[in-house]
Amino acid sequence: MRRVAYFFGSAAAAGAGTYVVIYLYRWQWQRAILCGVLLLVVEVMLLGIVLLGRLSRIEERMRDADRRQEDVLARLREKEARPAGDRFRWLEEPTSRTYVFVPVLMVTGVLLSGLAWIVQRIASATARPTAERRLAGRLAVLAAPGPARDADPNGMDDPRGIDELDDLPPIGVGARGRRGRTARVLVVSAVGAALVGALVMGLADLTQTREEDAKNSEATSLLLKVDMRGTNMTAERESLAARQLWERCRDSTSVPLNRATLGTLGDGLFAGVVQPALTDHDRMRLRGCLEDTGLDRTHLTVVGIGDADADDD
């Protein structure tokens with residue numbers, strides 16, 4: 001169940017983050033804010049799931065520790081409650097029964113240990129070291145090489161030239177594993193930093209205001225469609241909503257609009273004309289502002305946008 005929650009949470013976070021970038025590119029700030037809030041909610045939910053899992057594991061470990069502590073305490077109490085006479089019950093039995101076997105066995109073991117010690121001392125005093133020297137000579141081939149020594153000019157070895165073991169570089173599987181792990185961490189960190197930097201720079205390049213060549217046309221015309229939800233949505237309400245959105249987005253372009261008129265065509269359609277003619281970047285900014293969620297129960301769609309000349313009707 002936890003894996004399913006992680007999967008759907010990760011998918012929701014990825015979708016919300018993607019649409020945040022898309023809406024920022026389209027200059028639709030309200031929708032970008034909503035997707036950003038959704039992304040934060042999903043991240044907090046995932047963090048809560050992780051923390052709950054960790055807390056449940058900690059509680060389970062504490063319960064296990066309490067159970068073990070209670071078991072040990074119960075055993076200690078049982079030992080304390082046991083009567084003292086039960087420890088050496090064989091001493092309290094009547095003397096008519098033969099319980100002399102254990103003391104006799106203990107005395108016999110002491111005597112045998114003393115005799116073995118005497119034999120060992122005699123053998124060590126009379127043994128010859130020839131066999132040990134012969135064995136050492138045979139095993140000398142298998143001995144590890146000694147530390148390197150620096151020879152002095154007189155042919156004598158300088159004991160100060162011996163390399164200390166702490167000064168030698170670490171050699172082994174553990175050292176190589178640590179170096180490989182460090183290299184992987186550095187590579188992953190560098191790739192992640194490069195991707196984040198590329199994302200930030202790309203988004204900044206897409207959303208920045210650029211100096212573009214002016215259009216040869218005198219004006220830009222737009223065809224808008226207004227959809228309103230609910231009852232009693234008359235033509236007057238549609239016209240009022242369209243004009244509110246139009247006036248709100250009039251200042252969204254990088255150049256000031258000297259003239260911006262809006263007329264109704266019926267059936268929820270409206271025609272707008274702005275002067276001077278808009279560049280491609282300003283068109284995207286104006287479209288994004290108009291199609292963004294600005295009014296309650298109102299959705300405006302830009303059906304078409306293009307250049308208009310003075311002789312056009």
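The model is predicted, with local features requiring pLDDT of at least 70 and side-chain atom pairs counted only at pLDDT 80 or more, whereas totals for chains, interfaces and linings use all residues. Residues are numbered from 1 along each chain as its sequence is written, and side-chain values use heavy atoms, with hydrogens and water left out.

The protein chain contains 7 helices and 6 strands, where helices (H or I, at least four residues) and strands (E, at least two) are DSSP runs numbered from the N terminus. In sequence order, these elements follow the pattern α-α-α-α-β-β-α-β-α-β-β-α-β. Of the 313 residues in the protein chain, 18% are buried; buried denotes under 20% relative accessible area, exposed over 50%, and partly exposed the range in between (1.4 Å probe, protein chains only). Contacts (heavy atoms within 4.5 Å) were also classified by sequence separation. Among those in the protein chain between residues at least 6 apart in sequence, 68% join residues at least 24 apart.

Helix α1 comprises 24 residues (residues 2–25), and the 35 Å between its end C-alpha atoms agrees with the 34 Å that it should span at 1.5 Å a residue. The expected span of a helix is taken as 1.5 Å times one less than its number of residues. Gly9, Ala13, Ala16, Val20 and Tyr23 are buried in α1. Leu38 is located in helix α2 (residues 29–81) and is partly exposed, with a relative accessibility of 45%. The C-alpha atom of Leu38 is separated by 9.8 Å from that of Gly15, with the two residues 23 residues apart along the chain. For the 12 residues of α7, the distance from the first C-alpha to the last is 16 Å, close to the 16 Å expected at 1.5 Å a residue. Helix α7 is largely enclosed by the rest of the structure, because 9 of its 12 residues are buried. These buried residues are His281, Asp282, Arg283, Arg285, Leu286, Gly288, Cys289, Leu290 and Glu291.

The largest nonpolar core has 18 residues, of which Leu222, Leu224, Trp246, Val274, Leu290 and Leu300 touch the most other members. Such a core is a set of buried Ala, Val, Leu, Ile, Met, Phe, Trp, Tyr and Cys residues joined through side-chain atoms within 4.5 Å. At least two residues of this core are supplied by each of β3 (219–228), α6 (235–248), β4 (259–266), β5 (269–275), α7 (280–291) and β6 (298–308). When neighbours within four places in sequence are set aside, the contacts of Leu222 include Trp246, Phe270, Val274, Leu286, Leu290, Val302 and Ile305.

A search of the whole structure identified 3 aromatic pairs. Rings of Phe, Tyr and Trp (its six-membered ring) were paired if their centres lie within 6.5 Å, with planes under 30 degrees apart counted as stacked, over 60 as edge-to-face and the rest as tilted. One of the pairs, Phe7 with Phe8, is edge-to-face, at 5.4 Å centre to centre and 75° between the planes; Phe7 and Phe8 are both exposed. Trp27 and Trp29 form an edge-to-face pair with 5.1 Å between centres and 75° between planes. Within this pair, Trp27 is buried at a relative accessible area of 10%, while Trp29 is partly exposed at 39% relative accessibility. The charged end of Arg285 sits over the Trp27 ring, 4.1 Å from its centre, the criterion being NZ of Lys or CZ of Arg within 6 Å of the ring centre and within 35 degrees of the ring normal.

The search also found 1 disulfide, defined as a pair of cysteine sulfur atoms within 2.5 Å. Cys249 and Cys289 form this link, with their sulfur atoms 2.2 Å apart. The link is left-handed, at -85° about the S-S bond. Cys249 is buried at 0% relative accessibility, and Cys289 is buried with a relative accessible area of 11%.

Most residues other than glycine have a negative phi, and most peptide bonds are trans. Asp267, in the loop between β4 and β5, has a positive phi near 60° and is exposed at 77% relative accessibility. The peptide bond from Gln275 to Pro276 is cis, with omega near 0°; Pro276 lies in the loop between β5 and α7.
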